[in-house]
Amino acid sequence: MPLSDGLRLHVTQAGPATAPVTVLLLHGWNLDHRTWHRQVSALTATLGDSVRVIGYDARGHGRSGVSALGTATLARLGDDLAELIDTIAPTGPVVLAGHSLGGMTIMEYAHRHPDDFAARVAGLVLVATTAEGHTHTCYGLPSRITWLVRLAETTGAGVLARCGGLRTPGPVLQALRPALRWLLFGDDCAAEDLDLTTSAVARAALVSIGGLRTSVGRQHRLETLTRLGDLPVAALVGDRDRLTPPRCSDSIVEALPATELTVCPGAGHMLLLERPDEVNAALLGVVRRALARIPRQPRGEGRRAHVGDHA
């Protein structure tokens with residue numbers, strides 16, 4: 001899908017375009033749409049033609065085009081989401097599900113396009129994400145050395161941001177596998193899940209890995225969340241998450257008191273892979289509530305009546 005600045009997004013679809021509810025899945029920083037594969041399977045197997053599932057690779061990630069340094073920002077990602085919804089799902093209710101950076105992108109969309117958000121979004125699922133930048137990120141380390149790690153991280157990000165469309169070399173990624181396993185996963189980590197995660201990181205352009213760091217660290221959207229009304233919202237977090245620890249989700253619940261919060265014991269940041277059953281249950285619950293809100297029509301007066309009966 002071409003964007004207004006000429007960059008092209010890689011978009012995937014499952015389910016019919018005529019489905020009454022569209023679900024958009026937004027992946028995390030340095031990852032791609034494949035991290036949602038178990039949720040796509042659960043949605044299509046459980047809800048069938050009642051749901052259309054859209055996944056995409058954010059700019060600079062996966063198979064999407066490489067962004068210029070000046071567009072490697074959360075603000076641009078929020079605008080990309082607005083364009084995507086307007087183009088791919090121009091009518092009907094939309095459920096947005098975001099993991100990590102994907103959740104922050106949803107909040108940026110709500111902040112920058114509040115009227116569109118209010119008119120279109122029928123539910124939210126926020127997985128291992130935050131509305132407060134790096135406020136609560138301590139990398140699982142003692143607070144007295146967290147600032148040193150953050151300094152090294154932000155300095156390194158500035159260097160990477162100037163590397164353009166280059167990707168992380170394979171030998172470097174293999175050397176980083178133990179660090180990725182420790183930073184992103186909790187007590188248990190299946191080899192196939194670490195393989196998928198490493199493969200996704202390999203596809204991310206260095207300009208996005210480094211360029212997004214500043215806006216990600218500075219974002220504060222709690223006030224935006226307080227204005228979202230009575231949307232069905234589910235939030236999930238692992239109690240071993242070293243990047244967006246439980247305090248991040250607590251803040252989201254404080255801003256949106258109706259949020260259904262699930263804390264996954266022993267899990268880290270990659271809940272889509274580590275705890276698919278819990279994420280699937282939360283996502284299905286929000287989508288079913290969105291389906292239930294669609295007004296019923298007498299039989300024979302349109303597809304929504306049929307799907308509503310099924311839901």
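Guide: Rings of Phe, Tyr and Trp count as a pair if their centres lie within 6.5 Å. The model before us is predicted.

Visitor: By this rule, how many aromatic pairs does the count come to?
Guide: A pair of aromatic rings is described by the distance of the centres and the angle of the planes. The centres must lie within 6.5 Å. By this rule the count comes to 1 aromatic pair.

Visitor: Which residues form the aromatic pair, and is it stacked, edge-to-face or tilted?
Guide: Tyr-109 and Phe-117 form the pair, with 5.6 Å from centre to centre and 55 degrees between the planes. Planes under 30 degrees apart count as stacked and those over 60 as edge-to-face, the rest being tilted. The pair of Tyr-109 and Phe-117 is therefore tilted.

Visitor: Are Tyr-109 and Phe-117 buried or exposed?
Guide: A residue under 20% relative accessible area counts as buried, and one over 50% as exposed. Both Tyr-109 and Phe-117 are buried.

Visitor: How are helices H2 and H3 oriented to each other?
Guide: Two packed helices are described by the angle between their axes and the distance between the axes. The axes of H2 (residues 74-88) and H3 (residues 101-112) come within 8 Å and cross at roughly 75 degrees. Angles of 65 to 115 degrees count as roughly perpendicular. H2 and H3 are therefore roughly perpendicular to each other.

Visitor: Which residues make the contact, and how many of them are nonpolar, polar and charged?
Guide: From H2 the contact includes Leu-74, Leu-77, Leu-81 and Ile-85. From H3 it includes Leu-101, Met-104, Tyr-109 and Arg-112. By class, the contact of H2 with H3 has 10 nonpolar, 2 polar and 3 charged residues.

Visitor: What is the phi of Ser-100?
Guide: Most residues other than glycine have a negative phi. Ser-100 lies in the loop between strand E4 (94-99) and H3, and its relative accessible area of 11% makes it buried. Its phi is positive, near 55 degrees.

Visitor: What is the phi of Ala-128?
Guide: Ala-128 is found in the loop between strand E5 (121-127) and H5. At 0% relative accessibility, Ala-128 counts as buried. Its phi is also a positive value in a residue other than glycine, near 45 degrees.

Visitor: Why does Thr-168 count as buried?
Guide: Thr-168 is found in the loop between helix H5 (143-160) and helix H6 (170-184). Leaving aside neighbours within four places in sequence, Thr-168 is in contact with Leu-173, Leu-206 and Ile-209. Buried means under 20% relative accessible area. Thr-168 therefore counts as buried, at 16%.

Conventions. Residues are numbered from 1 along each chain as its sequence is written. This is a predicted model: local features need pLDDT of at least 70, side-chain atom pairs count only at pLDDT 80 or more; totals for chains, interfaces and linings use all residues. Side-chain values use heavy atoms; hydrogens and water are left out. Axes are lines fitted to C-alpha atoms, for helices over the stretch in contact, and angles run from 0 to 180 degrees between N-to-C directions. Helices (H or I, at least four residues) and strands (E, at least two) are DSSP runs, numbered from the N terminus. Angles under 35 degrees count as roughly parallel, over 145 as roughly antiparallel, 65 to 115 as roughly perpendicular and the rest as oblique. Contact means heavy atoms within 4.5 Å. Ala, Val, Leu, Ile, Met, Phe, Trp, Tyr, Cys and Pro count as nonpolar, Asp, Glu, Lys and Arg as charged, and the others, Gly among them, as polar. Rings of Phe, Tyr and Trp (its six-membered ring) pair if their centres lie within 6.5 Å; planes under 30 degrees apart count as stacked, over 60 as edge-to-face and the rest as tilted. Buried means under 20% relative accessible area, exposed over 50%, partly exposed in between (1.4 Å probe, protein chains only).
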